[in-house]
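Subject: Structure handover and findings

Hello,

Here is the structure we discussed. Please open it first, then read the notes below.

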Amino acid sequence: MTTKIPVILDVDTGIDDALAILYALFSPRLQVLGITTCFGNENVTNTTRNTLAMVEMAQVSVSVYQGAADPLVGQWAPQAEAFHGENGLGNAPIEEPHTGAKNLSASEYLRAAILDRPGEITLVTLARLTNLAIALKNDPSLVQKIRRVVVMGGAAFVGGNVTPVSEANIWGDPDAAWVVFHSGVPITMVGLDVTMQVNISDRQVQNLDPKRPYTKVMRQALDFYLSAYNPGVVSGTRQAPLHDPLAVAVAEDPTLCAISDLSVDIEREGTITRGMTVVDQRGWVDLTPNVAVCRTVDAPRFLSDFCQRLGFPMTSD
Ligand code: RIB
Ligand code: CA
């Protein structure tokens with residue numbers, strides 16, 4: 001038997017985070033050591049509650065650690081309710097979880113877990129990079145001890161989703177993203193270039209396996225998500241992107257994407273470009289690449305694995 005890849009998920013649950021949590025917890029190739037939470041799609045109290053609820057629905061035992069409530073600079077404000085609803089799960093009624101988050105902050109847990117297994121752990125960040133930035137600021141030695149950070153975030157050669165050029169997870173705390181991207185830690189960027197290429201459809205949502213414990217909640221949540229991504233489109237023909245699950249898939253198997261090593265910086269100041277991931281494509285400038293950027297994805301291969309694992313039918317129409 002092959003050894004599983006030890007990972008920690010950092011989430012702001014969120015509808016696509018919820019799917020990513022299930023996808024990771026049911027993975028035959030990943031061992032989820034813990035889950036850390038951050039503000040983002042909702043406030044951190046709600047993203048933590050949603051995370052605990054998803055872990056309970058998965059019927060898997062994994063500890064959850066609550067993290068940052070605000071970005072490094074400034075304060076969180078609701079921004080994603082149009083896509084994730086007022087409770088973060090498309091207003092689907094969710095049972096209050098029976099367990100709570102552990103009594104250790106996300107950044108403290110990250111530090112302890114990484115020091116415990118130096119060079120082994122892959123972090124899969126599906127939210128703002130605030131928790132990791134805090135951990136790296138508190139203990140810069142972690143940079144050499146993290147195997148890789150797979151970041152769902154950024155937009156290398158395509159437009160943004162919050163502003164014309166900025167993706168939500170970078171835009172929501174560009175100062176934290178700057179700390180991580182400048183730290184020297186190995187980064188794989190799973191940005192909108194690839195996540196917008198992997199979609200779930202109405203037909204798949206409607207035909208989600210009725211026997212799964214999460215089916216009722218996820219059908220309702222995904223109906224909301226499909227509406228948000230397809231304003232004015234009648235139910236039946238809608239599609240919406242699986243941002244966070246794709247990052248989990250890349251942590252499992254990077255061969256899903258064509259990847260280029262590139263120099264990527266984070267815009268922190270610009271009045272209309274704040275949160276942009278700026279990729280230097282000038283071949284004549286001697287820059288050391290700091291990020292493995294996913295440029296294209298084998299969407300059918302990812303979707304087939306994702307659907308099979310979570311109980312969705314494989315064909316979208
Ligand atoms: O831009 C998409 C990302 O922003 C996803 O992680 C989504 O959950 C939100 O956090
Ligand atoms: Ca997310």
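Contact here means heavy atoms within 4.5 Å. This is a predicted model: local features need pLDDT of at least 70, side-chain atom pairs count only at pLDDT 80 or more, and totals for chains, interfaces and linings use all residues. Side-chain values use heavy atoms, with hydrogens and water left out, residues are numbered from 1 along each chain as its sequence is written, and chains are lettered from A and ligands numbered from 1 in the order in which they are written.

Start with threonine 188. Its contacts, leaving aside residues up to four places away in sequence, are Arg148, Val149, Val150, Val151, Val250, Ile259, Ala292 and Cys294. Threonine 188 belongs to strand 6 (residues 187-190). Helices (H or I, at least four residues) and strands (E, at least two) are DSSP runs, numbered from the N terminus. With a relative accessibility of 5%, threonine 188 counts as buried. The classes are buried under 20% relative accessible area, exposed over 50% and partly exposed in between (1.4 Å probe, protein chains only).

Two strands pair if DSSP finds at least two bridges between them.

Strand 4 (residues 122-125) has Thr122 and Val124 pointing one way and Leu123 and Thr125 the other, and all are buried. Strand 4 pairs with strand 1 (residues 5-11) in the parallel sense, over four bridges. There, threonine 125 is the bridge partner of aspartate 10. Strand 4 also runs parallel to strand 5 (residues 148-152), again joined by four bridges. Arginine 148 in strand 5 stands opposite threonine 122.

Strand 9 (residues 257-266) and strand 11 (residues 291-297) are antiparallel, with six bridges. Serine 260 faces valine 293 of strand 11 in that pairing. Axes are lines fitted to C-alpha atoms, for helices over the stretch in contact, and angles run from 0 to 180 degrees between N-to-C directions.

Next, a helix pair. The axes of helix 1 (residues 15-25) and helix 11 (residues 243-252) come within 6 Å and cross at roughly 30°. The two helices are therefore roughly parallel to each other (angles under 35 degrees count as roughly parallel, over 145 as roughly antiparallel, 65 to 115 as roughly perpendicular and the rest as oblique). Helix 1 contributes Asp16, Asp17, Leu19, Ala20, Tyr23 and Ala24 to the contact, and helix 11 contributes His243, Asp244, Pro245, Val248 and Ala249.

Last, some backbone points to check. Threonine 13 and glycine 14 are joined by a cis peptide bond, with omega about -5°. Glycine 14 sits in the loop between strand 1 and helix 1. Glutamine 59 is not a glycine, yet has a positive phi of about 60°. Its loop runs between helix 2 (44-58) and strand 3. Glutamine 59 is exposed, at 64% relative accessible area. Asparagine 91 also has a positive phi, near 65°. Asparagine 91 lies between helix 3 (81-84) and helix 4 (106-116), in the loop. At 39% relative accessibility, asparagine 91 is partly exposed.

Best wishes
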